[in-house]
Amino acid sequence: MSSPREVHHRSWLSIRWRQFGNAPQPVVRAVVANLIVAGVGGMLLLLYDLRLAPAADRDVLGYALVLYVVLVVLAGSVFTYLWVPLPSGASGVRRRTWWSGMLGFLTSLPVAYLGLVVVFQLVRPHVG
């Protein structure tokens, strides 16, 4: 008879770190696609706020914020749909369905919010 091995228990932090390091590729791609769109859009929004908004009506900035969120959500959904095919399974055929776009949509909502927080709470007070 063999003796039972002692089970090594990991801490909560080591478990989460391992999950973070081994994230599924479709999820990583969806987040990266949305971060790129939100980053470029955030820079354009900041440029607009610094250069054009002081001379124009401040209500237009509200429309620009809504346009930013809509563009991040739409572009994030479309780019994720194009960039993140579903797993092939046994057939080996790579395909896309509306679930790929839904993954991008659900990823883009918090990314758009975080983009606005970074632009207007962290970056904007330090420039201009």
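Axes here are lines fitted to C-alpha atoms, for helices over the stretch in contact, and angles run from 0 to 180 degrees between N-to-C directions. The helices themselves are DSSP runs (H or I, at least four residues), numbered from the N terminus.

On the H2 side you will find residues including Ala30, Gly41, Leu45 and Tyr48, and on the H3 side residues including Leu61, Tyr68, Ala75 and Trp83. By class, this contact of H2 with H3 has 17 nonpolar, five polar and two charged residues. Ala, Val, Leu, Ile, Met, Phe, Trp, Tyr, Cys and Pro count as nonpolar, Asp, Glu, Lys and Arg as charged, and the others, Gly among them, as polar.

Next, follow H3 to its other partner. H3 and H4 pack at an angle of about 145 degrees, with axes 7 Å apart. The contact of H3 with H4 divides into 12 nonpolar, eight polar and no charged residues. Among the residues that meet there are Val72, Gly76 and Ser77 in H3, and Gly104, Phe105 and Leu116 in H4.

Is serine 77, then, buried or exposed? This residue of helix H3 has a relative accessible area of 14%, so serine 77 is buried, which means under 20% relative accessible area. Leaving aside neighbours within four places in sequence, serine 77 is in contact with Gly101, Gly104 and Phe105.

Stepping back, the protein chain has four helices and zero strands. Of its 128 residues, 24% count as buried.

How confident is the prediction? The chain averages a pLDDT of 82, and 85% of the residues score at least 70; pLDDT is the predictor's confidence in each residue, from 0 to 100. Among the elements, H2 has the lowest mean pLDDT (84) and helix H4 (residues 98-123) the highest (88). Where pLDDT is low, the predicted coordinates should not be read in detail.

Residues are numbered from 1 along each chain as its sequence is written, and side-chain values use heavy atoms, with hydrogens and water left out. Local features need pLDDT of at least 70, side-chain atom pairs count only at pLDDT 80 or more, and totals for chains, interfaces and linings use all residues.

How values were computed
Contact means heavy atoms within 4.5 Å. Helices (H or I, at least four residues) and strands (E, at least two) are DSSP runs, numbered from the N terminus. Buried means under 20% relative accessible area, exposed over 50%, partly exposed in between (1.4 Å probe, protein chains only).
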